[in-house]
Amino acid sequence: MAKKIFVSYKYADSRVLSLPDIEETTARHYVDEIASLLEEEDHIFKGEDDGEDMGTLADSTIASKLGDKIFDSSLTIVLISKGMKENIPETDQWIPWEISYSLKEQSREGGNSKTNAVLAIVLPDENDSYEYFLKVNPLCNSVTHRTDTLFKILKENMFNHKQKESNIRECNGITIFEGYPSYIYSVKWYNFKADVGSYIEIANTIRQSIDKYKLTKNVN
């Protein structure tokens with residue numbers, strides 16, 4: 001079934017791997033790629049750039065703009081990129097607010113909006129590496145997520161399963177969580193590109209078990 005998909009990303013982040021034939025590649029160019037992939041799957045892409053300065057906007061304006069764009073979507077894709085965070089308060093950056101509104105239930109004239117599924121696509125950095133966020137542990141066949149590098153609202157909605165401790169294993173001093181311990185599931189760009197439908201389905205499967213997760217919905 002076709003889904004309306006909102007994409008959250010840092011428009012001008014250039015700390016990403018260059019795409020073929022695109023000089024000075026930014027995260028925005030990956031969004032173009034995603035839009036094409038979603039169209040092939042018959043999904044409806046709802047992207048938005050973050051070129052507007054939030055400092056000039058009132059809270060009510062931000063709420064209205066995001067509400068309009070996210071209200072009728074059912075899945076939010078957030079691009080994790082090496083330079084996605086600026087050295088300014090998180091409340092002054094678009095991505096945290098977009099995730100917040102994606103997770104909130106909204107009521108408007110004509111209907112209600114439920115909490116979106118959220119899928120994090122991790123982009124390769126300028127050296128074609130994911131190590132800035134995903135560190136592979138070959139001996140344990142596992143991956144460590146460096147959630148400390150993310151916006152707080154993203155971090156708090158990962159490894160937030162209410163019973164995650166019941167499905168863990170230990171290996172070489174590392175605690176490894178099995179199954180889907182995070183409401184926001186993370187996938188590498190190359191893997192997503194190779195099997196779009198499967199990863200969208202994972203995010204929606206997690207959403208169906210939303211009561212098993214402790215969600216953080218506010219930016220703080």
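This is a guided tour of the structure above, stop by stop.

The model is predicted, so local features need pLDDT of at least 70 and side-chain atom pairs count only at pLDDT 80 or more, while totals for chains, interfaces and linings use all residues. Residues are numbered from 1 along each chain as its sequence is written, and side-chain values use heavy atoms, with hydrogens and water left out.

**Whole chain**

Start with a cartoon view. The protein has six helices and eleven strands. Both are DSSP runs, numbered from the N terminus: helices are H or I with at least four residues, strands are E with at least two.

Switch to a surface. The accessible surface comes to about 11,400 Å², and 44% of it belongs to carbon and sulfur atoms. Accessible areas come from the Shrake-Rupley method with a 1.4 Å probe; for residues, only the protein chains shown count as cover. Of the 220 residues, 46% count as buried. Buried means under 20% relative accessible area, exposed over 50%, and partly exposed in between (1.4 Å probe, protein chains only).

Now think about contacts, meaning heavy atoms within 4.5 Å. Among those between residues at least 6 apart in sequence, 71% join residues at least 24 apart.

**Stop 1: the disulfide**

Select Cys-140 and Cys-171. A disulfide joins them, with S to S at 2.1 Å. The rule for a disulfide is a pair of cysteine sulfur atoms within 2.5 Å, and the count by this rule is one. Cys-140 sits in the loop between β7 (134–137) and β8 (142–145), and Cys-171 in strand β9 (residues 168–171). The two are 31 residues apart, so the pair links distant parts of the chain. Both cysteines are buried. Look along the S-S bond: its torsion is about -85°, so the disulfide is left-handed.

**Stop 2: the largest pocket**

Stay with β8 and select Ser-142, Val-143, His-145, Phe-177 and Tyr-185. Of the 28 residues that line the largest pocket, these are the closest to its centre. The pocket holds about 700 Å³ of space. Color β7, β8, β10 (174–177) and β11 (185–188): these elements each give two or more residues to the lining. By class, the lining has 15 nonpolar, ten polar and three charged residues. Ala, Val, Leu, Ile, Met, Phe, Trp, Tyr, Cys and Pro count as nonpolar, Asp, Glu, Lys and Arg as charged, and the others, Gly among them, as polar.

On a 1 Å grid over the protein atoms alone, a pocket is an open set of points with protein on both sides within 12 Å along at least five of seven lines; a cavity is a set where a 1.4 Å probe fits but cannot get out; lining residues have an atom within 4 Å of a point. Points are joined across faces, edges and corners, and a volume is the space filled by probe spheres set on them.

**Stop 3: the cavity**

The whole structure has one cavity of 30 Å³ or more. The volume of the largest cavity is about 40 Å³. Select Glu-90, Pro-96, Lys-152, Ile-153, Glu-156, Thr-216, Asn-218, Val-219 and Asn-220 to show its lining. Helix α4 (residues 152–156) gives the largest share, three residues. The lining divides into three nonpolar, three polar and three charged residues.

**Stop 4**

Select Asn-204, in helix α6 (residues 196–208). Asn-204 is buried, at 7% relative accessibility. Beyond its neighbours within four places in sequence, Asn-204 contacts Lys-3 and Ala-117.

Finish at Lys-69, in helix α2 (residues 59–70). Lys-69 is partly exposed, with a relative accessible area of 26%.
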